[in-house]
Amino acid sequence: MTSANLPPVCILGLGLIGGSIMRDLSARELDVFGYNRSRSATRAAQREGFDVSTDLADTLRRAAEASALIVIAVPMEAVGQVLAAIAEHAPHCGITDVVSVKKPVYDLVRSHGLQSRYVGGHPMSGTENSGWGASLEGLFHRAAWAVTYDYAAELDGAGTPVPESWSTLFVQVCTLASVTGAEAVPVSVSRHDEAVARVSHLPHVIAESLAIVGDHGGTLAQSLAAGSFKGATRVADTDPSLVRNMCETNAEALVPVLDEFIALLVDARATLSANTPSLKQLAESGNRAYVRMGARSGARHESVSPVKISSRPVMRVHPGAPGWVRQLEQIEALGGRVEVF
């Protein structure tokens, strides 16, 4: 994939993720502009030389004129409003997003009649910090970037050809991931949300809970807290509103995963409260699981949603070719990454 596949990019929302995408594209001298609601953040971005506006309608009209790829990078609660604005001012532009849940976004996209213009995305990288000031070039280096394909799967399942315009959009979103240094991983929205509930959203719930338990130990516990506690609670430093956005919007997938985690804690409590306390089963099973995941993913230490993909299988796909949607399903089943040509 080369940047030649990428049209001008319009980013709506310039926080940690949207701002970092803008920095990466600008550093590669690609055509990128954007919108941000915060006037102070917009002024800061403008002082650094970035093409940013606080006028959403004007930005979208510009996107329509440029046939830009629109990247929705606002919190989940603002997605519906942004989609309504896109439907009004730039209904023919391709749309992607970087929201941490995919099914709620896709449901909103469908409700606005924009599903044929949409390919969802979610770069699995970040920090506990937020806002334009936290954005940085290189944030997505070697990160997995989930790219959804549900619209194509729905058409393919019904025996309907996938429009060339959608195939082109899929290539553009994969290219966007590639030029930021990430690697595209095809996913369906429901499987994405269940997976991130396990490896991204549950860790936030655990970190918040662990921070509270540690704090209940008072000043002595605070003084003795070392690497394991600080590492396990690091993401509790995330803006609470962002944590709520992630977890509450993915509650349907998160609750069963939380039940699974609670069951493990209940079992651990039972074995530790026995006449002969034991943590053998949990410790050994957990270590084996950690080794398996480490061999597969090798998590990046600075990422809130850590997934590294050095051992992820690569499959090349030609969007629009016979059977290409089925290939995406096979790649998803393998947890592999896709390269388009």
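Helices (H or I, at least four residues) and strands (E, at least two) are DSSP runs, numbered from the N terminus. One of them, helix α13, spans residues 280-297 and holds L282. The model is predicted: local features need pLDDT of at least 70, side-chain atom pairs count only at pLDDT 80 or more, and totals for chains, interfaces and linings use all residues. Residues are numbered from 1 along each chain as its sequence is written, and side-chain values use heavy atoms, leaving out hydrogens and water.

Stay with L282. Its relative accessibility is 36%, so L282 counts as partly exposed; that class lies between buried (under 20% relative accessible area) and exposed (over 50%), with a 1.4 Å probe and protein chains only.

Turn to the loop between β6 (121-123) and β7 (144-148), where S125 sits. S125 is buried, at 6% relative accessible area. Its side chain reaches the backbone oxygen of L139 at 2.7 Å. R142 also lies in the loop between β6 and β7. Its phi is positive, about 65°, although R142 is not a glycine. At 31% relative accessibility, R142 is partly exposed.

Another positive phi belongs to E29, near 60°, again in a residue other than glycine. E29 is in the loop between α1 (16-27) and β2 (32-35). E29 counts as exposed because its relative accessibility is 74%.

Technical notes:
Polar contact = N/O pair within 3.5 Å; in protein donor to acceptor, adjacent residues only side chain to side chain.
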